[in-house]
Amino acid sequence: MGMAWDDVVLMEPGVKSGDPTVITVNCPDKAGLGCDLCRIVLEFGLYVNRGDFATDGKWCYIVLWVVPRPSGLKVDWASLKNRLMSACPSCMIPYYLSQQSTCSPRPTVYLLKVFCLDRKGLLHDVTKVLCELELTIQRVKVMTTPDDKVLDLFFLTDDMDLLHTKQRRDETCEHLSDVLGEYCISCELQLAGPECEVQQGFSSLPQEVAEELFSCELSKEAVPKSSSSDTAKLKKATITVDNLLSPVHTLLQIQCVDQKGLIYDILRTSKDCDIQIAFGRILSSAKGYRTIDLFIQRTDGKKILDDENQASLCSRLKEEMLHPLRVTVASRGPDTELLVANPVELSGKGRPRVFYDVTFALKKLGICIFSAEIARHSTAERQWEVYRFLLDESPEYPLASKRARTEILEKVKRTLMGW
């Protein structure tokens, strides 16, 4: 007898309010499965309290203790379960076929056009609705007209794969119209045409800005200017390599400051480096730090014994832990521009909820967004997803001042990192 498909993903709510929900995944293994599951958890705004990973290379068992961040966030647990199940290989598919079919087909892109009267926080309110509806923003173009109206163009993919139906498209526009109220002039959702390909990259990215965003070193501006202890935390990440404890696995003992998406960043890096995790334990955060033990192998099933390979892997992991997102404020002529960059997985996926977090931070600061866009930028090492926001000057918030720019950097960075 086989395992029932409903038992592949189990969810056990916490006993008391605030207790974590326990997610158990028991299914055939595939390359990068842990990364894919943690990415979905991050998409739903959930924080991993602790976790356990175990696999024999053919079957895996994963347990995650998760809580909403911020607390009180509404989570559609039934939809989350469906999404997690869709990421798992079917029990009916042989192991060798599940390994050959790790590349999913490219999702269909749709174009959402929202035309409305401008107001503070408008872009975040639209983004929040799209996140709640499980629509992923691939690219965006926001333009403000001289008569204080805004045209938002969102290139979307549907995580539920239902936008081809008229009902799903109508429901999306109705939700947006309800949230925007009298500010909404029109809302249209349709299959994206050739204009989707035009939006692939920026026309230009100044060299000094590119160097600031894509440098491997943490710039002073990228570090929130709070207490000296916070700065010390950012600069501290330790990885110990042990090849003596296990006869067939290399042990990585990782300790670093806790932050949003940390587990995803580590598993994403391991996936992109073709590292297989046979067993992992994620301990609860203590005094703002997280400890993680990973028993790993190369794809050929051997330990990582070469010193150069060990150093390269540890360096890559430290970079992703210390600097997973890049934030800078630059001048575009007389205007002020906020730029955020994050590395793209080799699978082509960007980090979840970045646009949501940035627009939320700017809304809390009371800063209006004159225009915004998302595109991909390639360097010699990797591809990046870059978010550009042209900020609207106002008497209440003089963006030309150094203090204002520092506040923007700190608020955006802390929101992205969950501090």
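Trainee: In this predicted model, is the crossing of α1 and α2 left-handed or right-handed?
Mentor: The two helices to look at are α1, which spans residues 33-43, and α2, which spans residues 77-87. Viewed as a pair, α1 and α2 have a crossing that is right-handed.

Trainee: At about what angle do helix α1 and helix α2 pack, and how are they oriented relative to each other?
Mentor: The axes of α1 and α2 lie 10 Å apart, and the helices pack at an angle of about 160°. Because angles over 145 degrees count as roughly antiparallel, this packing of α1 against α2 is roughly antiparallel.

Trainee: Which residues of α1 and α2 meet, and how many residues of each class does the contact have?
Mentor: On the α1 side the residues are Leu33, Leu37, Ile40, Val41 and Glu43, and they meet Leu80, Arg83, Leu84 and Ala87 of α2. Sorted by class, the contact of α1 with α2 has no polar residues, two charged residues and seven nonpolar residues.

Trainee: How do the axes of helix α4 and helix α5 cross, and what is the handedness?
Mentor: Helix α4 covers residues 122-132 and helix α5 covers residues 166-180, and their axes come within 10 Å while crossing at roughly 145°. The crossing in which α4 passes α5 is right-handed.

Trainee: Which residues meet between α4 and α5, and how many of them are nonpolar, polar and charged?
Mentor: From α4 the residues are Leu122, Asp125, Val126, Val129 and Leu130, while from α5 they are Thr172, His175, Leu176, Val179 and Leu180. By class, the contact of α4 with α5 has one charged residue, two polar residues and seven nonpolar residues.

Trainee: Why is helix α9 described as largely enclosed by the rest of the structure?
Mentor: Helix α9 runs over residues 262-272, and among its buried residues are Leu262, Tyr264, Asp265, Arg268 and Asp272. The helix is described as largely enclosed because its count of buried residues is ten of the eleven.

Trainee: Which side chains make polar contacts with the side chain of Arg290?
Mentor: Arg290 lies in strand β12, residues 289-298, and counts as buried at 1% relative accessibility. Its side chain makes a polar contact at 3.5 Å with the side chain of Asp258. A further polar contact of the Arg290 side chain, at 3.0 Å, is with the side chain of Tyr47.

Trainee: Is Arg326 buried or exposed, and with which side chain does its side chain make a polar contact?
Mentor: Arg326 lies in strand β13, which covers residues 326-332, and it counts as buried at 2% relative accessibility. At a distance of 3.2 Å, the side chain of Arg326 makes a polar contact with the side chain of Glu319.

Trainee: Which residues does Ile408 touch, and how far in space is it from Leu365?
Mentor: Ile408 lies in helix α12, residues 402-417, and is buried, with a relative accessible area of 0%. Leaving aside residues up to four places away in sequence, Ile408 touches Val329, Leu338, Leu362, Leu365, Ile367, Leu391, Tyr397 and Leu399. Ile408 and Leu365 are 43 residues apart in sequence, and their C-alpha to C-alpha distance is 7.8 Å.

Trainee: For the chain as a whole, what share of the contacts with a separation of 6 or more comes from residues 24 or more positions apart?
Mentor: The chain has twelve helices and 16 strands, and 50% of its 419 residues count as buried. Among contacts with a separation of 6 or more, the share from residues 24 or more positions apart is 70%.

Notes: Residues numbered from 1 in each chain as written. Predicted model: local features only at pLDDT ≥ 70, side-chain atom pairs only at ≥ 80, totals over all residues. Heavy atoms only, no water. Axes fitted to C-alpha atoms, helices over the stretch in contact; angles between N-to-C directions. Helix = DSSP H or I, 4+ residues; strand = E, 2+ residues; numbered from the N terminus. Parallel < 35°, antiparallel > 145°, perpendicular 65-115°, else oblique. Left-handed = near helix turned anticlockwise from the far one by under 90°. Contact = heavy atoms within 4.5 Å. Nonpolar A, V, L, I, M, F, W, Y, C, P; charged D, E, K, R; others polar. Buried < 20%, exposed > 50% of the residue type's maximum accessible area, 1.4 Å probe, protein only. Polar contact = N/O pair within 3.5 Å; in protein donor to acceptor, adjacent residues only side chain to side chain.
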